[in-house]
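The sequence and the structure come first, and the account follows.

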Amino acid sequence: MQTVAERVEHQPTAKGYVPVYTTRVIEQPWDTYTATDHETWATLFKRQRELLVGRAANEFVENQERFGMSADVIPKFSDLNRVLAETTGWELIAVEGLLPELTFFEHLANRRFPVTWWIRKPEQLDYLSEPDLFHDLFGHVPLLLNPVFADYMQAYGAGGVKAAAIAPEALANLTRLYWYTVEFGLINTPEGLRIYGAGIVSSKGESIYSLEADAPNRIGFDLERVMRTRYRIDTYQKTYFVIDSYEQLIEATRPDFTPLYARLADAASHPAGNVLDSDTVYQRGTGEGWLSDGDV
Ligand SMILES: [Fe+2]
């Protein structure tokens with residue numbers, strides 16, 4: 001383990017101007033956070049918590065409280081890890097940024113969740129193209145205390161290791177599952193639709209848009225449908241998939257995906273905004289403001 005943290009720098013590469021990948025696991029350099037860093041955390045924390053009342057799944061805020069997360073100060077991973085050790089057995093590891101896919105899957109498969117240690121700058125409160133501490137910690141970590149969701153995350157990691165050995169197309173199918181659940185998932189509750197996806201709960205605009213805007217589709221979760229659906233990385237989603245429970249996720253991921261990947265290899269993918277006859281439709285989006293291309 002490396003003790004000196006080096007922030008990832010954006011550098012021009014063959015893929016454009018992107019953060020340079022590193023596999024290094026470090027000690028969270030907690031003492032190096034500045035007063036501005038803690039203020040940024042506080043601002044984002046307060047703003048999102050206010051916004052998420054009646055919008056986020058109940059366990060999301062409940063679990064933040066069980067962790068002792070607050071606006072006062074950036075949490076220490078070591079404190080959060082004590083709570084995880086006593087509950088679902090997950091462990092947070094500090095990383096400098098996005099990991100290579102296979103490394104990321106291997107961590108998840110071993111119940112280790114990589115968390116970017118650094119936090120965005122004050123001028124980046126509303127948008128950041130890559131995950132930072134706020135996205136990872138505020139958005140992803142709370143549900144690691146939910147035993148069913150915690151198992152789903154591990155199963156996803158194991159599935160990723162497997163898919164990586166099958167074909168790039170298999171990995172693309174699986175990535176869509178992560179995108180539409182872990183990052184941008186909605187859940188149906190007796191009180192109405194609620195957010196559980198980390199990409200939504202860590203975004204001010206999308207927390208409102210995903211639930212309240214007329215533009216996007218809201219469609220019942222179906223594994224194969226999700227795996228065939230392209231998505232947006234540059235705008236809010238055109239479609240959100242709604243689960244009934246976290247059990248539904250773990251059930252859907254229990255079977256071996258190998259035959260499914262083989263079938264999907266011959267099937268066309270669906271554009272992000274399409275609604276199919278077979279869909280369970282909670283809301284058919286108006287499509288207002290959508291860009292016509294750019295689905296990935
Ligand atoms: Fe994320």
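Both histidine 135 and glutamate 183 are buried, where buried means under 20% relative accessible area, exposed over 50%, and partly exposed in between (1.4 Å probe, protein chains only). The model is predicted, so local features need pLDDT of at least 70 and side-chain atom pairs count only at pLDDT 80 or more, while totals for chains, interfaces and linings use all residues. Residues are numbered from 1 along each chain as its sequence is written, and side-chain values use heavy atoms, with hydrogens and water left out.

**Metal site**

The iron ion has His135 (NE2), His140 (NE2) and Glu183 (OE) as its protein donors, at 2.0 to 2.1 Å. Donors are N, O and S atoms within 2.8 Å of the metal (3.2 Å for Na, K and Ca); water is not among the atoms, so sites may look incomplete. The spacing of the donor residues in sequence is H-x4-H-x42-E. Histidine 135 belongs to helix H5 (residues 133–140) and glutamate 183 to helix H7 (residues 168–183); the two are 48 residues apart, and the pair links distant parts of the chain.

**Overall fold**

Twelve helices and ten strands make up the secondary structure count of the chain; helices (H or I, at least four residues) and strands (E, at least two) are DSSP runs, numbered from the N terminus. The radius of gyration is 19 Å, close to the 19 Å that the globule rule gives for 296 residues, so the chain is as compact as a globular protein of that length. That radius is taken over C-alpha atoms, and the globule rule is 2.2 Å times the number of residues to the power 0.38. The C-alpha trace spans about 55 × 40 × 40 Å along its principal axes. Of the 296 residues, 53% count as buried. Among contacts with a separation of 6 or more, 69% are between residues 24 or more positions apart, a contact being heavy atoms within 4.5 Å.

**Aromatic pairs**

The whole structure holds 20 aromatic pairs. Rings of Phe, Tyr and Trp (its six-membered ring) pair if their centres lie within 6.5 Å; planes under 30 degrees apart count as stacked, over 60 as edge-to-face and the rest as tilted. Two of the pairs are tabulated here.

| Pair | Centre distance | Plane angle | Class |
|---|---|---|---|
| Tryptophan 41 and phenylalanine 45 | 5.7 Å | 40° | tilted |
| Phenylalanine 104 and phenylalanine 105 | 6.3 Å | 45° | tilted |

Tryptophan 41 and phenylalanine 45 both lie in helix H1 (residues 35–51), four residues apart, about one turn of the helix. Tryptophan 41 is buried at a relative accessible area of 0%, and phenylalanine 45 is buried at 5%. In the other pair, phenylalanine 104 counts as buried at 18% and phenylalanine 105 is buried at 2%. Ring pairs also join Trp41, Phe45, Phe60, Phe134 and Phe138 into a cluster.

Lysine 76 lies over the face of tryptophan 30, 4.5 Å from the ring centre. A charge sits over a ring if NZ of Lys or CZ of Arg is within 6 Å of the ring centre and within 35 degrees of the ring normal.

**Isoleucine 187**

Isoleucine 187 is part of strand E6 (residues 186–189) and is buried, with a relative accessible area of 6%. Leaving aside residues up to four places away in sequence, isoleucine 187 touches residues including Ala57, Tyr196, Val242 and Tyr246. Its C-alpha atom is separated by 29 Å from that of alanine 262, 75 residues apart along the chain.
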